[in-house]
Amino acid sequence: RNFGLAISGTPLENRLMDLWSLSDFAEPGIFQSESSFEAMYENSSTGASEVGKMIRPILLRRRLDEIEHQLPEKIVLDHPLVWPAELCDIYEKVRIDAIKEFSVAGGLVATGRLRKLTTHPLMMEIDSMDMTKLSPKYALTVQIIEELFSNSEKCLVFASYTKMIDRM
């Protein structure tokens, strides 16, 4: 290839080997082999500082305070949703079942499961042919997207679950 560009939205502080992989794609051989990189730099703040000096010439890093003046003003619109009675019953059952099954950790498990359920019931394997029927959140999201597209606008939707993104 004539050109390689590695882009990551993930902070580089995760693991040094993540950085090796990105750097090796952008500038092959900059750190030699993966095993020699691991042997040379420990996965610590000291190792990160040493590596940081080497990658500075090939790294573009922008901080929010450098670009925030370029960003549009943040707009927050609240959209209260009303759940169908059927979904309220499912919610309560999921919550109670998790607490019974996991006692001490039940609240934490319930929170995770309820987060999935409120994303969309299909995340809890509760499927419906009509995606909007059991999920007012999904129905509103689709409505907003359709409105944006009809006005030739663009949008970026963040979702915690790839399964939900696939469905959308």
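Colleague: Which element gives the most to the lining of the second largest pocket?

Modeller: That is α7, with six residues. Keep in mind that this is a predicted model.

Colleague: Which elements give two or more residues to that lining?

Modeller: Those are α6, residues 106-119, and α7, residues 136-150.

Colleague: What volume does the second largest pocket have?

Modeller: About 540 Å³.

Colleague: And how many residues line the second largest pocket, and which lie nearest its centre?

Modeller: The lining has 17 residues. Nearest the centre are T141, V157, F158, A159 and M168.

Colleague: How do the lining residues divide into nonpolar, polar and charged?

Modeller: Twelve are nonpolar, three are polar and two are charged.

Colleague: Switching to helices. At what angle do α5 and α6 cross?

Modeller: Roughly 155°. Helix α5 covers residues 85-102, and its axis comes within 8 Å of the α6 axis. The angle is over 145 degrees, so α5 is roughly antiparallel to α6.

Colleague: Is the crossing of α5 and α6 left-handed or right-handed?

Modeller: Right-handed.

Colleague: Which residues make the contact?

Modeller: From α5, L87, I90, Y91, V94, R95, A98, I99, E101 and F102. From α6, G106, G107, V109, A110, R113, L114, L117 and T118. The contact of α5 with α6 divides into eleven nonpolar, three polar and three charged residues.

Colleague: Now α1 and α3. Where do they sit in the numbering, and at what angle do they cross?

Modeller: Helix α1 is residues 16-26 and helix α3 is residues 45-55. Their axes come within 11 Å and cross at roughly 15°. That angle is under 35 degrees, so α1 and α3 are roughly parallel to each other. The crossing of α1 past α3 is left-handed.

Colleague: Which residues of α1 and α3 make the contact?

Modeller: L16, L19 and S23 of α1 meet G47, A48, V51 and I55 of α3.

Colleague: How many residues of that contact are charged?

Modeller: None; the contact of α1 with α3 has five nonpolar and two polar residues.

Note on methods:
Residues numbered from 1 in each chain as written. Predicted model: local features only at pLDDT ≥ 70, side-chain atom pairs only at ≥ 80, totals over all residues. Heavy atoms only, no water. 1 Å grid on protein atoms, 1.4 Å probe; cavity = no way out; pocket = protein on both sides within 12 Å on 5 of 7 lines; lining within 4 Å. Points joined across faces, edges and corners; volume = space filled by probe spheres on them. Helix = DSSP H or I, 4+ residues; strand = E, 2+ residues; numbered from the N terminus. Nonpolar A, V, L, I, M, F, W, Y, C, P; charged D, E, K, R; others polar. Axes fitted to C-alpha atoms, helices over the stretch in contact; angles between N-to-C directions. Parallel < 35°, antiparallel > 145°, perpendicular 65-115°, else oblique. Left-handed = near helix turned anticlockwise from the far one by under 90°. Contact = heavy atoms within 4.5 Å.
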